[in-house]
Structure formats: structure tokens, C-alpha cells
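Please read them with the structure in view.

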Amino acid sequence: MKLKSLMMAAMAAAVVLPASAIAETKVGMITTLSGGGAGLGIDVRDGFLLAIKQSGRDDIEVIVEDDQRKPDVAVQLADKMVQAEQVDVLTGIIWSNLAMAVVPSVTAQGKFYLSPNAGPSALAGAGCHPNYFNVAWQNDNLHEAAGAYANSAGYSKSFILAPNYPAGQDALTGYKRFFEGELAGEIYTTLGQTDYAAEIAQIRASDADSVFFFLPGGMGIAFLKQYRDSGIDIPVVGPAFSFDQGILQAVGDAALGVVNTSQWSKDIDNPTNAAFVESFQAEYGRLPSLYASQGFDTANLLISALEKADVSNADAFRDALRAADFDSTRGDFEFGPNHHPIQTIYAREVIKEGDVYTNKLIGPALENHADAYAGDCQM
């Protein structure tokens, strides 16, 4: 059976893959499959399940549930998975406010959590845990790289904005940590906001020479279209989240030429990435996104650990996860002491290939970059 047919059925009810009689390892995936952020969760899910399928293993059971981007729903699902489903590993959460509601609880109950996306600073520093591994990034990282790129581009006065939730706060903190210029303005918007007329008016009235924003999912689509329609001619810089593959088609020409930062791109030159891009397109009929690559890498990390240790032996399994002995789509991959990646983050430019909007690599923005919170982690 094709994975895509399973995926279409996974919007409200659990999906189990593969359907083995007795699974030695149960994985609970709580992710966003409906509402404004559904594209992100669908891509994480699809990348993860593709890796499981390609592994050929029939001893891994994956239970997928939709958190609806609601913290209370995510907590209820986590409780059900831990207590009723008795999963060994949890994964899938996109949004940092949901991660903060779920991760400390499940790790305190002895379960492993592998994050394919959300990386709030609170879980990278003092709130780190031996059973928590982030396979994507710490929230600040891509924004730090955007600040570094802005310096190299000669920008000296940035207007910055992001939603007022943990990832948005980390975003502006990260940009400011590396940006050497002044701020022309700083705004926290409402999570889920779609009308940015007031913010764009403030940008127009400022003396900014650049705009940095973090508005994931539908928020970024709305902002970019309204920004283009406003006629303001101030360059935009952002993290990949608002310029990733699934979002670009909705944004269209408004994104062309924008430089964004990411630890992954479809044109990173390594055999694993080339094979991933080709196989994802063949399976799902679309180009993979950053989120899909993170789901794929998360599953392959899990598989690599299971090849060395049984999940019931927590110490051995933790050591196997920490070794990160798998081929990542982004190339070199290793964990820092707080179980967050040390990796190169690239600058990319939005282009159009035929009828498809996509990104091309410009070059590294930060090389072998670790997060700023590892020193606060006492593991």
C-alpha cells in the first residue's frame, strides 16, 4: 500500500504503520495535521514514514495523531500514548508552546522524545533532559544565521517582528544575538494573526534598511503577500520557515529573491540528500520541504539507535541516540552536550524553476554552529 493513501486517512484518527502483529518498538507521533499549520506536520509525518518504509523494518509501529495546534489536545494525546498505548518514543510536535506542554511530562515518565522541529530555549538549557533529543535545531539557530547574513549583506538597521510565543521570542533573541546593527523597530504579533496592515505601516514609517521576520505557516504567507502589495522596497531576510517548499507555492512571486536561512536545502550535495529528494518526490508527488527532511532524519536517527540497542535498555539506547550514527540529509550531523545539533546553517535565495518556486544555496551563514544554551544544561 502506498504511504500517501494511509496519510490521507490520518487527519482525525490514529494511523498505524506498518501493521505488524507484534511491534518491538512503538512510536507515538503527535503533530499538526489540520488547521493553519497542517502543511508543516504533514511534511514531518511524510518524511518520517518514508524513512521507516525504506528501512524495511516490520518491528516499528508508528501511531499518528493530530494535535490541532492546541496544547491541551497535545497533552491529552501524550497522556493516552504513554499510559494506554504504552509507546516507547514520542515525536512529531511542530510548535514550541505544544512542546513545552508535552516534552517535560513524557520525559519525566521515562519516555524518549525526539523532536523533528520545535526546539525552545527552555529545553536546551536548564530544562534539558537525558531523554530529550532535538534533531532539527534549537529555535534561535536559523535566526542567528539570519543576523549573521544581514551583517555580511551590509544591513545596519533592521525592523524585526515575530509572534508572541516561545519560538517567536527565541527568533528575535537569536537575530539580535548576531546582528551587529541597530533596530528600527521590534514587534511581537499575535500567534495566528493574518492581517499585518498595522505592522507594515510601522515598517514604512521607520528608517529601516532591512526587515527580518519569523512568521511560520499561514502567518508568513499573509505577511509576504501584504508586504508585496504595500509597495515597500525594503529587503526582507528570514529563516526558512516562511520560505520553505510547501509555503513558497502559496506565496508566489512575493518571495522571489528573498534570502533565508536553513540547515537544509534540496540542493545540498550529498548522496543521502539526493536520494531523499528523489524518493520523496516519487512517493508523494511533490518536492520535500525542510520539515520533511527533519522528519526523515528523525526516523533515521531512531533506526540507527535501534540497530545498536533495545529501547527497553534506556542507558544503552540513549548512548546509541547520542552517537547519531546515521546519514543525514544535511550532511555532517552531531549532537552537542545538550542533545541539540551542531551543524552548518546556509543562506538560500528564493528562485523559480519552471513553474515551481524553490530555493538555491548561496553558501554557509554559520558553520559548525552550536546553540547558546548548552552551557546551562546540567546533564
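1. A residue is called buried here when its relative accessible area is under 20%, and exposed when that area is over 50%. The model under discussion is a predicted one. By this criterion F276 is buried, because its relative accessible area is 1%.

2. F276 belongs to helix α11, which spans residues 271-284. Neighbours within four places in sequence apart, the contacts of F276 are L50, W264, P288, A292, S293, F296 and T329. One of these, P288, is 12 residues away along the chain from F276, and the C-alpha atoms of the two residues are 8.4 Å apart.

3. How many aromatic pairs does the whole structure contain? The search returns 19. In one of them, Y175 with F212, the ring centres are 4.2 Å apart and the planes lie at 10 degrees, so the pair is stacked. This pair joins distant parts of the chain, since Y175 is in helix α7 (residues 166-178) and F212 is in strand β9 (residues 210-213), 37 residues apart. Y175 and F212 are both buried.

4. The aromatic pair of F214 and F241 is edge-to-face, with 75 degrees between the planes and 5.4 Å from centre to centre. F214 is located in the loop between β9 and α9 (218-230), and F241 in the loop between β10 (236-239) and α10 (245-251); the pair therefore ties together parts 27 residues apart in sequence. F214 is buried, at a relative accessible area of 4%. F241 also counts as buried, with 4% relative accessibility.

5. F214 and F241 are members of a cluster, linked by ring pairs, that also contains W95, W137 and Y165. The ring of W95 has the charged end of R69 over it, 4.7 Å from the ring centre.

6. Which residues of helix α13 (residues 314-323) are buried? They are F317, R318, A320 and L321. Viewed down the axis of α13, these buried residues fall within an arc of 160 degrees, so they line one face of the helix. The elements covering the buried residues of α13 include strands β4 (89-91), β5 (112-115), β6 (132-134) and β12 (334-335), together with helix α12 (290-306).

Notes:
Residues are numbered from 1 along each chain as its sequence is written. This is a predicted model: local features need pLDDT of at least 70, side-chain atom pairs count only at pLDDT 80 or more; totals for chains, interfaces and linings use all residues. Side-chain values use heavy atoms; hydrogens and water are left out. Helices (H or I, at least four residues) and strands (E, at least two) are DSSP runs, numbered from the N terminus. Buried means under 20% relative accessible area, exposed over 50%, partly exposed in between (1.4 Å probe, protein chains only). Contact means heavy atoms within 4.5 Å. Rings of Phe, Tyr and Trp (its six-membered ring) pair if their centres lie within 6.5 Å; planes under 30 degrees apart count as stacked, over 60 as edge-to-face and the rest as tilted. A charge sits over a ring if NZ of Lys or CZ of Arg is within 6 Å of the ring centre and within 35 degrees of the ring normal. The arc is that of the directions from the helix axis to the C-beta atoms.
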